[in-house]
Amino acid sequence: MGMTMTQKILAAHAGLESVNAGQLINAKLDIVLGNDITTPVAINEFKKSGFDSVFNKDKIAIVLDHFVPNKDIKAAEQSKQCREFANLHSVSHFYDVGKMGIEHALLPEQGVVTAGDCIIGADSHTCTYGALGAFSTGVGSTDMAAGMATGMAWFKVPSAIKFVLKGKLSPMCSGKDVILTVIGMIGVDGALYRSMEFTGEGVASLSMDDRLCICNMAIEAGAKNGIFPVDHITMKYMESRCERTPVIYEADEDAEYERVIEIDLSKIVPTVACPHLPENTRPASELKNIKIDQVGIGSCTNGRMEDMETAYNILKGKKIADNVRCIIIPGTMQILRECVERGYVTAFIDAGAVVSTPTCGPCLGGYMGILAAGERCIATTNRNFVGRMGHVESEVYLASPATAAASAVTGYITDPTEA
Amino acid sequence: METKGRAFKYPDNVDTDVIIPARYLNTSDAKELAKHCMEDIDDTYVSRVQKGDVMVAGWNFGCGSSREHAPLVIKTCGTGCVIAKSFARIFYRNAINIGMPILECETAAEEISDGDEVKVDFDTGVITNITTGKTYKAEPFPPFIQNIIQKGGLLASLKEGK
């Protein structure tokens with residue numbers, strides 16, 4: 001029996017010829033990641049267990065992104081704890097304020113992750129790097145501590161669902177609309193414990209930013225990982241940035257999939273996930289008269305350069321609707337810099353939006369855009385659970401940057417193709 | 001090992017944001033975090049739960065964020081066990097890694113009512129609803145995972161293996 005792409009990467013990292021779905025393995029890790037929320041818990045566990053050194057300082061990444069620049073004294077203490085640990089162990093990939101970005105926008109951009117890697121991160125959206133053809137999955141802080149100490153992690157080899165993409169996306173549609181459509185189709189536990197392997201001729205029409213966005217939200221379908229094959233677009237993206245040599249794995253032709261789902265990209269429409277689950281999807285065109293109080297454009301899902309460009313193309317020369325706050329958060333310092341250079345920041349400010357330095361902040365209800373009771377936000381983020389962005393009686397609608405920006409101008413949820 | 005207590009029933013897709021809202025994640029102090037356990041889905045949980053009580057939920061319990069703070073607060077406020085129809089994978093992993101007992105059992109999760117007296121035997125996977133007299137058998141953990149639990153969590157098992 002052949003192996004899926006994910007199974008091949010896991011077999012190689014476990015030193016095995018082949019693996020089967022359900023098999024428990026120990027695999028070597030190429031990168032172990034944590035942030036300012038999950039790393040302190042990992043450091044406590046690491047110390048409590050008596051470990052005094054990390055397995056490889058070049059294979060650990062610590063990114064301060066959730067509550068930085070520090071939102072309060074306690075957050076400052078957590079950042080300080082991460083900083084001291086990173087300095088003590090000379091962690092190569094430590095990103096503090098001024099260098100940092102939202103981790104899943106930052107690590108691919110900086111070339112820290114590459115094709116063929118086996119990666120764990122103490123953040124659920126670590127599945128993002130599957131876009132580069134890596135096996136990458138979210139874990140907890142104890143797994144991060146164990147990974148930092150030993151360079152290994154245990155995995156149950158996942159089975160997979162294959163998504164065969166065909167056709168091309170229409171204008172105003174992007175990777176976000178694809179993944180929201182998929183989650184609406186299979187549900188928030190539709191890929192529980194499984195890999196989501198994206199394949200087919202339609203892949204070639206998707207940019208790296210689209211693919212990163214699609215893999216980012218694999219966890220929202222319960223998946224262990226999302227993964228794309230490596231093609232010329234991936235190679236071009238990686239060639240100027242990756243520190244390590246990419247290793248290309250391909251699924252076997254006779255690989256076994258639990259389910260095969262065909263997605264016609266040309267039929268994807270601007271899609272919105274209504275409160276309070278990412279699976280509650282509706283075409284944006286069907287949502288009429290839903291008034292919004294806030295718009296958020298950014299996050300590890302949609303804070304990349306193409307997302308900023310989309311927002312710019314819609315907002316330039318326009319005004320944010322009365323009584324709407326529009327918060328734009330470029331994902332990394334490099335993206336922020338490019339937004340400044342291209343004149344996007346000026347256009348955003350002229351439209352009446354605010355632009356922040358990179359942070360996860362409002363996406364998880366941390367700071368920089370918390371909602372009051374009864375308020376409604378359309379956001380390019382990844383979760384719309386009860387209380388996710390603030391008060392338990394607030395509401396979050398998930399959408400693409402195009403839909404969010406078009407809605408910011410009208411003050412109502414708006415299909416960008418009709419704007 | 002076993003636990004005995006009252007059942008607290010919750011629906012499908014209980015996410016980590018309602019188990020421990022991110023606004024409290026500016027600390028890693030388990031006792032302080034535990035004051036807010038389940039706050040956004042049941043703000044009476046912390047005041048009502050007694051040591052050994054059992055959380056009973058539907059499909060996909062613990063979905064969302066990878067925050068280990070979620071199983072940690074459930075454990076810290078005295079909950080003896082979580083029984084669910086299924087668990088989100090990161091929550092499942094985290095619970096095992098920190099030694100928070102969890103069991104997957106669809107029929108038990110379906111049939112146990114809020115307030116029932118429940119006993120759970122972790123070695124055999126047998127769940128007894130003392131109120132109704134019915135018993136259920138949960139899927140046992142594979143030996144690899146049982147070993148982690150017996151050693152008291154992932155790091156303890158690694159230290160022992162060194």
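A: Here's a walk from the inside to the chain contact.

First, the ground rules: this is a predicted model, so to speak of a local feature we need pLDDT of at least 70, side-chain atom pairs count only at pLDDT 80 or more, and totals for chains, interfaces and linings use all residues. Residues are numbered from 1 along each chain as its sequence is written, chains are lettered from A and ligands numbered from 1 in the order in which they are written, and side-chain values use heavy atoms, with hydrogens and water left out.

Now the holes. A cavity here is a set of points, on a 1 Å grid over the protein atoms alone, where a 1.4 Å probe fits but cannot get out. Points are joined across faces, edges and corners, and a volume is the space filled by probe spheres set on them. On that basis you get four cavities of 30 Å³ or more.

The largest cavity comes out at about 220 Å³. It has 23 lining residues (those with an atom within 4 Å of a point), and the closest to its centre are His66(A), Asp123(A), His125(A), Leu364(A) and Arg388(A). In chain A, α4 (103-109) and α9 (299-302) are the elements that give two or more residues to this lining; helices (H or I, at least four residues) and strands (E, at least two) are DSSP runs, numbered from the N terminus. By class, the lining of the largest cavity splits into eight nonpolar, 10 polar and five charged residues. For that tally, Ala, Val, Leu, Ile, Met, Phe, Trp, Tyr, Cys and Pro are nonpolar, Asp, Glu, Lys and Arg are charged, and the others, Gly among them, are polar.

Why place the largest cavity between two domains? Domain 1 (5-264) and domain 2 (271-410) of chain A both give residues to its lining, so it lies between them. The bounds come from an automatic or database domain assignment.

The C-alpha centres of domain 1 and domain 2 of chain A are 24 Å apart, and 38 residues of domain 1 are in contact (heavy atoms within 4.5 Å) with 38 residues of domain 2. Together they bury about 3000 Å², with carbon and sulfur atoms giving 59% of it; buried area is the accessible area (1.4 Å probe) that two parts lose on being put together, summed over both. On the domain 1 side, Ile102(A), Lys176(A) and Leu180(A) lose the most area to domain 2, together 20% of what that side buries. One salt bridge is counted between the two domains, a salt bridge being a side-chain nitrogen of Lys or Arg within 4 Å of a carboxyl oxygen of Asp or Glu. Arg383(A) also pairs in this way with Glu220(A), the closest N and O atoms being 2.5 Å apart.

The second largest cavity has a volume of about 100 Å³. Gly296(A), Gly298(A), Ile329(A), Pro362(A) and Thr381(A) are the closest to its centre among 14 lining residues. This lining has eight nonpolar, six polar and no charged residues.

Next, the open space. A pocket is an open set with protein on both sides within 12 Å along at least five of seven lines, and the largest pocket has a volume of about 520 Å³. It is lined by 23 residues, and Lys156(A), Tyr193(A), Tyr92(B), Glu104(B) and Ile145(B) are the closest to its centre. Two or more residues each come from β7 (152-156) of chain A and from α5 (89-98) and β4 (102-104) of chain B. The pocket lining counts 13 nonpolar, two polar and eight charged residues.

Three salt bridges are counted between the chains. Arg93(B) bonds this way to Asp143(A), with the closest N and O atoms 2.7 Å apart, and Lys74(A) to Glu32(B), with the closest N and O atoms 2.5 Å apart. Lys74(A) lies in helix α3 (residues 73-88) of chain A and Glu32(B) in helix α2 (residues 30-34) of chain B, so this pair joins two chains.
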